[in-house]
Amino acid sequence: MAEARKYPAPQGNPETAPFWEAARQGKFLIKRCTACGEPHYFPRAICPFCFSDQTVWEESSGEGEIYTFSLMRKSPTGPYAIGYVTLKEGPSVQTNFVDCELEKLRIGQKVKVVFKPTDGAPLPFFTPV
Amino acid sequence: MTIKGKAYIAGIYEHPTRHAPDKSTAQLHAEVAKGAIEDAGLTKADIDGYFCAGDAPGGLWPMVDYLGLRVRHMDSTETGGCSYLIHLGHAAEAIAAGKCSIALITLAGKPRTGVMPPRAQGAEADFETAYGATTHNAYGMCAMRHMHDYGTTSEQLAWIKVAASHHAQYNPHAMLKDVVTVEDVLNSPLISDPLHRMDCCVVSDGGGALIVTTPEIAKSLKKPLVRLIGHGEAMKGPRGGKDLDLTYSAGVWSGPRAFEEAGVTPKDIKYASIYDSFTITVLMQLEDLGFCKKGEGGKFVSDGNLISGVGKLPFNTDGGGLCSNHPVNRGGITKIIEAVRQLRGEAHPKVQVPNCDLAIAHGTGGLLGVRHAASTCILERA
């Protein structure tokens with residue numbers, strides 16, 4: 001029997017602290033640049049596209065669809081599915097798919113964010129709608 | 001400014017070991033260095049440039065001291081398995097600029113014997129570490145999307161392993177010498193969907209080394225002349241998550257740069273060393289380098305097209321990472337070594353490409369489905 005999966009607590013830093021504070025309230029934040037208008041993930045202080053420092057936090061709908069995934073058949077903590085979700089707002093996000101039958105995952109499937117606890121701030125995961 | 005023809009590979013050495021519990025990692029570096037220096041017909045005192053990557057214990061300064069080198073140029077560019085392809089390009093730049101005249105590049109390590117240190121993390125750590133990206137699933141994600149977008153099949157991927165196994169049967173040092181079939185690959189267990197166990201490379205101890213030098217010095221030595229005529233390097237990552245597309249690699253940028261510098265096209269290439277951490281790695285890179293159109297890699301690799309003497313593009317005639325070895329979980333240096341063997345006419349007679357005068361060595365490093373580097377080297381028999 002595999003050991004239960006225990007997720008590492010985010011270390012956090014001044015640049016990303018608001019993301020983890022929002023996560024504690026069940027909110028999933030992305031960053032948007034007010035200079036070029038592009039959203040991005042994971043959050044940076046300076047826009048990775050136009051390099052403006054005028055980036056702001058924005059709450060994501062937490063909804064999107066599976067861009068791709070791979071089902072790891074064995075690990076010390078049992079099978080898990082890693083993948084990317086393309087959010088409604090645009091950015092694609094690396095994640096695991098949880099609370100579902102992993103064998104039934106499909107590219108294009110609609111998913112939504114769910115938070116899972118750690119010893120620190122909770123971590124975002126995605127589950128089929 | 002170009003490096004075209006300004007640097008020659010005068011020495012190569014691949015460690016015959018695939019399991020080295022009785023040796024230290026630094027010792028393996030020294031053994032491959034010694035092998036390459038002797039292959040070139042030089043001595044250690046001749047070396048005035050040294051290149052190593054993350055597998056060298058402690059990095060540059062402990063290694064230079066341990067090996068007893070006295071160098072005037074050093075470079076520890078670290079881009080995973082393709083580091084050594086980048087080192088070859090950088091060595092050529094340094095030689096062209098007069099910063100060194102005889103450069104040594106080493107790779108060695110023992111992942112089969114011991115546990116590898118964890119991958120260094122960057123700003124993404126809090127947003128990715130928990131999700132357990134590994135080589136298997138990061139390449140699996142690419143394969144899954146490639147199949148979705150282009151209809152690529154597991155059967156087509158299997159042909160890449162089949163071709164590698166046809167070559168490995170002639171390599172006495174190969175870990176896996178048995179010729180396998182498409183069915184064998186499909187019947188091997190799924191590791192990370194859609195990749196089967198036989199879609200994955202081996203885990204081996206070992207290493208390799210190169211000596212890179214000026215045209216004048218190379219011509220004064222006894223080995224057949226092999227020169228670098230084009231080089232490219234690039235990186236690719238999710239870049240803020242915009243327009244994510246895991247069906248192509250950074251080879252779409254490193255490849256054209258190398259071909260342009262060399263003044264040749266993929267059609268001119270007689271032999272290809274293509275990094276084969278997984279079968280999907282080969283398929284995507286062949287597309288990205290322009291050997292076929294994007295999405296047609298599956299058709300291109302099928303029916304033995306990569307088998308020497310059978311298909312149009314002989315690849316990895318030593319058996320590659322899929323069958324021969326993958327020292328330190330890094331395949332870059334063995335890709336260059338087999339390309340040089342082909343250009344020298346020193347490959348196994350059963351897999352030697354007739355009149356092989358132009359070859360490519362290409363690889364990626366890091367995680368293809370997350371962030372990775374790529375490097376392309378075009379090599380010519382002079």
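1. Let's start with a strand pair in chain B: β10(B) and β11(B) (residues 372-381) run antiparallel and are joined by nine bridges. Strands here are DSSP runs of E with at least two residues, helices are runs of H or I with at least four, and both are numbered from the N terminus. Two strands count as paired if DSSP finds at least two bridges between them. The link from β10(B) to β11(B) is a hairpin through five residues.

2. A quick word on what you're looking at. This is a predicted model, in which local features need pLDDT of at least 70 and side-chain atom pairs count only at pLDDT 80 or more, while totals for chains, interfaces and linings use all residues. Residues are numbered from 1 along each chain as its sequence is written, and chains are lettered from A and ligands numbered from 1 in the order in which they are written.

3. Back to β10(B), which spans residues 358-366 and is mostly covered, with eight of its nine residues buried. Buried means that 20 or more other C-beta atoms lie within 10 Å of the residue's own (12 or fewer would be exposed, anything in between partly exposed), with C-beta atoms placed from the backbone. β10(B) also pairs with β9(B) (residues 271-274), this time parallel and over four bridges. Across that pairing, Ser273(B) sits opposite Ala361(B), and Ile274(B) has His362(B) as its bridge partner.

4. β8(B) (residues 226-236) is another mostly covered strand, with ten of its eleven residues buried. Ten bridges tie β8(B) to β11(B) in the antiparallel sense, and Glu233(B) faces Ser375(B) there. β8(B) also runs antiparallel to β1(B) (residues 7-14), joined by two bridges; Tyr8(B) is partnered with Arg227(B).

5. Now put those strands together. Chain B has an open sheet of nine strands in the order β3-β2-β4-β7-β1-β8-β11-β10-β9, with mixed pairing. At the edges are β3(B) (73-75) and β9(B), each pairing on one side only. Neighbouring strands are turned by 20° against each other on average, direction ignored. For these angles, axes are lines fitted to C-alpha atoms (for helices, over the stretch in contact), and angles run from 0 to 180 degrees between N-to-C directions.

6. What packs on this sheet? Helix α3(B) does, touching β1, β2 (49-51), β3, β4 (102-109), β7 (206-213), β8, β10 and β11 of chain B, and its direction makes about 165° with that of β4(B). Contact means that the C-beta atoms of two residues, placed from the backbone, lie within 7 Å.

7. α3(B) itself covers residues 83-96, so to speak of its length: 14 residues, reaching 20 Å from first C-alpha to last, close to the 20 Å expected at 1.5 Å a residue. The expected span is 1.5 Å times one less than the number of residues. Twelve of the 14 residues are buried, so α3(B) is largely enclosed by the rest of the structure. Among the buried ones are His87(B), Gly89(B) and His90(B). After the helix comes Gly98(B), with a positive phi near 80°.

8. α3(B) also has a helix partner, α13(B) (residues 332-344), packed at about 60° with the axes 6 Å apart. That makes the two oblique: under 35 degrees is roughly parallel, over 145 roughly antiparallel, 65 to 115 roughly perpendicular, and the rest oblique. Ser83(B), Tyr84(B), Leu85(B) and Leu88(B) of α3(B) meet Gly332(B), Ile333(B) and Ile336(B) of α13(B). These residues divide into five nonpolar, two polar and no charged. Nonpolar covers Ala, Val, Leu, Ile, Met, Phe, Trp, Tyr, Cys and Pro; charged covers Asp, Glu, Lys and Arg; the others, Gly among them, are polar.

9. Chain A has an open sheet of three strands, β2-β1-β3, with antiparallel pairing. β2(A) (39-40) and β3(A) (55-59) are at the edges with a single partner strand each, so one side of each has no neighbour in the sheet. β1(A) (residues 29-33) pairs with β3(A) over five bridges, and Ile30(A) stands opposite Glu58(A).

10. Finally, the contact between the chains takes 34 residues from chain A and 27 residues from chain B. On the side of chain A, the elements giving two or more residues are β4(A) (63-72), β5(A) (80-87) and β6(A) (92-97). β4(A) gives the largest share, six residues. By class, that side has 18 nonpolar, 14 polar and two charged residues.
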